[in-house]
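Work through the exercises below with the sequence and the model at hand. Try each task before reading its solution.

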Amino acid sequence: MAIEERDSHTGYLTTGHEWNGIKELNTPVPKAVYVFLIATVVFTVAYIVLMPAIPLGVTFTKGLLGLDDRREVTRAVEDAAAERAVWTKRIETGSYQDVAADPALMRSVRQTGRTLFTDNCAVCHGTDAKGGHGYPSLVSGSPLWGSDADSIAETIRVGINATHPKTRVGQMLAFGRDGILQRADVDNVLDYVLTLSGQPPVRKATPEQLAAGKATFAAQCVSCHGEDGKGKADLGAPDLTDRHWIYGGDAQSILTTIWNGRQGHMPSWEDRLSPVDRKILTLYLMDLRKSP
Amino acid sequence: MIGQLTKNERQNALAILIAMAVGGLVMTIGGRNSLLGVHGGLVLMIAVVGIFAMTATLKLPDPAEDRLNAYYDDPTKVGIIISMVWAVAGLFVGDWIAWLLVFPDLTFDAAWASFGRLRPVHTSGVIFGFGGNALIATSFYVVQRTCRARLPDQVTPWFVLFGYNLFCVIAATGYLMGVTQSKEYAEPEWYADLWLVVVWVVYFLLYLRTLSRRKEPHIYVANWYYMAFILVVAVLHIVNNLAVPVSFGSEKAYSAFSGVQDAMTQWWYGHNAVAFFLTAGFLGMLYYYLPVRAGRPIYSYRMSIISFWGITFFYMWAGSHHLHYTALPQWVQTLGMTFSVMLLVPSWASAGNALMTLNGAWDKVRDDATLRFMFVAAVFYGLSTFEGSFMAIRAVNSLSHYTDWTVGHVHAGALGWVAMITFGAIYASVPWLWKQDRMYSAKLVEVHFWLAVAGTLIYVFAMWNSGIIQGLMWRTYNDSGTLAYSFIESLVAMRPYYIARAIGGLLFLLGALVGCYNIWMTIRMAPRESAKADRPEPGAAGAPVLQPGE
């Protein structure tokens with residue numbers, strides 16, 4: 001038989017059970033518990049009546065409010081697009097010059113372009129578009145593929161060495177590795193390239209060696225980098241006379257470039273970003289270059 | 001310890017080890033071209049070591065009969081030690097990956113050190129390694145005392161404990177090698193899953209066998225919760241892990257579910273793992289250690305009942321709140337949300353029941369850090385269940401989902417509730433088990449307590465801030481109608497909070513290390529002769545004496 005006792009602190013009876021010294025009081029459940037239980041149940045019932053809730057074979061109760069997530073989202077997306085269309089339409093139809101001359105439109109371009117750029121491009125080109133090893137700066141230096149709006153837009157559309165059928169293709173040959181040049185020729189041309197950007201040669205090159213380097217450059221490199229080494233936009237060959245480098249301008253990096261070749265990959269965005277978004281990005285990049 | 005086993009039991013253990021060695025050999029040969037073989041080798045090695053240890057003791061005489069007059073606590077002792085080892089390992093890896101999020105380059109270019117592989121080592125390490133071992137160890141302790149019955153035999157508890165740890169080791173080593181089925185909290189592949197089923201069913205039967213031997217007329221609440229934990233985890237584990245192996249020689253298997261059904265099954269599992277592993281099991285712990293330590297009766301038996309059934313019933317339906325605004329049909333989301341809201345009531349009733357039990361013992365809460373661990377646990381249990389129900393509301397979830405708020409919520413529960421109640425229970429039982437009348441140093445328990453509380457608060461506040469900032473940044477539009485922030489910018493904004501979180505985690509880890517030292521020193525203290533024996537039956541061996549309660 002259970003022996004009940006009264007707990008002196010609370011004044012409640014125990015249930016009379018004991019387990020290794022543990023006893024339990026027979027305290028009634030506080031009213032608040034029932035009140036909250038009823039309140040949450042009422043909330044549940046109301047919610048079930050108002051919202052999609054009960055499965056009925058192949059369908060379900062739609063709820064009195066007639067709300068449906070999918071429809072809501074589609075509508076919200078359409079509304080947002082309609083709201084944006086006020087200015088995106090003008091970007092779509094206007095010429096680059098017209099848009100660039102419109103301060104209100106350019107404000108939207110800067111806002112939207114920044115988000116588009118950091119979400120899609122910053123992983124390679126950096127949040128400030130200044131590039132990094134292997135990725136060109138988009139705000140300074142002479143552009144690889146031309147500085148006008150149409151060239152930039154085309155680069156973004158088709159990519160470089162990408163999978164797009166019309167992709168731009170650019171390749172720096174592996175002169176050393178593929179045996180096009182002997183080691184001595186590579187060293188000569190390396191010294192010459194260093195002087196192009198106003199750097200001292202690696203070794204105390206004799207005038208003959210420098211002349212040999214210049215000759216090799218004229219024979220092997222000008223076809224892509226141009227007579228003056230300032231690059232060619234139709235081949236994506238960079239300017240070698242400025243201080244902007246994709247792969248580094250120190251002797252070791254340039255040697256690696258000439259020996260092993262280089263071929264950067266820039267994805268094509270035609271299937272991933274809408275024409276307006278690409279146009280905004282183009283305008284955004286041109287704007288950045290003007291006021292970095 | 002092996003000397004406590006009878007000759008017969010030692011032979012049985014040997015037979016099990018030999019079977020395990022054969023199993024390991026089959027895995028090694030069958031899986032020689034895959035990572036399955038590596039695990040086979042591991043199993044084989046462990047079994048061979050066990051066989052040698054066991055054979056060496058076969059000749060020992062049978063233990064004295066009077067062992068049957070005392071509870072069988074060796075598995076509990078070992079379980080508690082293993083649990084603390086996992087705690088340190090799991091918390092260490094956790095803090096490691098917290099720093100990895102601050103310094104993403106910290107991977108040494110090694111695959112095993114990448115975030116994706118280390119994260120499950122952390123989650124499994126703390127949940128299954130630390131939490132699971134603590135649950136198994138304390139459940140053996142509690143069921144014997146509250147039933148006034150000894151465990152039915154001396155081999156099964158070891159099988160459960162070591163079998164379970166074998167699963168944990170296979171899981172953790174597998175993650176490092178890239179073995180995973182990519183289901184959160186259910187990452188181990190098919191062979192580990194099958195093994196756990198065996199272990200778990202044996203655990204369930206062992207618990208039932210002990211309960212059926214009880215000398216108390218009623219089953220105490222703690223045992224309801226432990227039973228719910230064991231039973232439901234078995235069901236969840238089996239269903240969510242249904243899969244077809246690529247071949248019996250490969251570690252890889254493919255889930256029986258796909259698409260949104262897979263997601264729903266996974267989160268039905270995931271949420272109920274929180275419910276029945278991380279809640280029900282630890283409520284069992286709380287219902288024993290808190291009243292005993294406080295020396296107070298449970299505040300209300302009736303509240304225990306409605307909370308128990310409320311929790312077990314409502315939790316089952318709440319899983320879909322992990323998939324709000326996804327491909328999951330909206331009506332399923334309704335179910336998850338409404339049941340999560342109702343779930344708050346029994347959850348708070350449980351927390352309230354625990355806190356009201358402390359009425360009349362608040363002076364002890366002030367003075368005794370062990371009891372204060374349990375008190376803080378109950379408070380955090382209340383906080384995190386409120387937060388959980390709140391986050392399950394779709395409107396709130398649209399802000400909180402995928403952000404660090406979720407991570408903060410989990411850790412309010414994991415650090416504040418689960419770890420705190422476990423530390424409280426361990427500090428309470430270590431002196432009892434090793435026949436001391438106190439821990440080696442009460443001061444160090446105090447130090448651990450404050451490190452744990454400070455670590456938890458820093459962690460949780462950092463993640464709340466970070467999560468809400470993230471959520472807001474992801475949904476803020478500028479006046480051109482474009483999202484104002486890019487993803488990278490939200491990462492930059494989170495960085496200070498990641499640093500704070502890693503520091504909070506470090507404090508928590510330091511606390512656990514202090515705990516290990518204290519436990520170790522307690523074990524090494526000379527046992528006290530006077531420590532009162534605690535036995536199933538007072539009086540002569542084999543002559544059960546009824547308690548007044550009966």
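**Exercise 1: a surface residue**

Val45(A) has a relative accessibility of 47%, so Val45(A) counts as partly exposed; buried means under 20% relative accessible area, exposed over 50%, and partly exposed in between, with a 1.4 Å probe and protein chains only.

This is a predicted model in which local features need pLDDT of at least 70 and side-chain atom pairs count only at pLDDT 80 or more, while totals for chains, interfaces and linings use all residues. Residues are numbered from 1 along each chain as its sequence is written, chains are lettered from A and ligands numbered from 1 in the order in which they are written, and side-chain values use heavy atoms, with hydrogens and water left out.

Task: Find the element that holds Val45(A) and the patch to which Val45(A) belongs.

Solution. 
- Step 1. Val45(A) lies in helix 1 of chain A, residues 31–50. Helices (H or I, at least four residues) and strands (E, at least two) are DSSP runs, numbered from the N terminus.
- Step 2. A nonpolar surface patch is formed by Val41(A), Val45(A), Val49(A), Leu50(A), Leu64(A), Leu65(A) and Leu67(A). Patch members have over 30% relative accessible area and no salt bridge; like charges are joined within 9 Å, and nonpolar side chains (Val, Leu, Ile, Met, Phe, Trp, Tyr) within 5 Å.
- Step 3. Together these residues have about 580 Å² of accessible area, from the Shrake-Rupley method with a 1.4 Å probe, where only the protein chains shown count as cover for residues.

**Exercise 2: the interface**

Task: Describe the interface between chain A and chain B by its buried area and its residues.

Solution. 
- Step 1. The size of an interface is often given as the accessible area lost when the parts come together. Chain A and chain B bury about 4,400 Å² between them, and 59% of this is on carbon and sulfur atoms. Buried area is the accessible area (1.4 Å probe) that two parts lose on being put together, summed over both.
- Step 2. In chain A, the residues that lose the most area to chain B are Trp19(A), Ile22(A) and Asp69(A), together 15% of what that side buries.
- Step 3. Chain A gives 51 residues to the contact and chain B gives 50 residues, where contact means heavy atoms within 4.5 Å.

**Exercise 3: a salt bridge between chains**

Task: How many salt bridges are there between chain A and chain B? Locate the one formed by Asp7(A).

Solution. 
- Step 1. There are four salt bridges between chain A and chain B. A salt bridge is a side-chain nitrogen of Lys or Arg within 4 Å of a carboxyl oxygen of Asp or Glu.
- Step 2. Asp7(A) pairs with Arg296(B), with the closest N and O atoms 2.8 Å apart.
- Step 3. Asp7(A) is in the segment before strand 1 of chain A, and Arg296(B) is in the loop between helix 8 (259–294) and helix 9 (301–315) of chain B.
- Step 4. Asp7(A) has a relative accessible area of 10%, so Asp7(A) is buried. Arg296(B) is buried too, at 11%.
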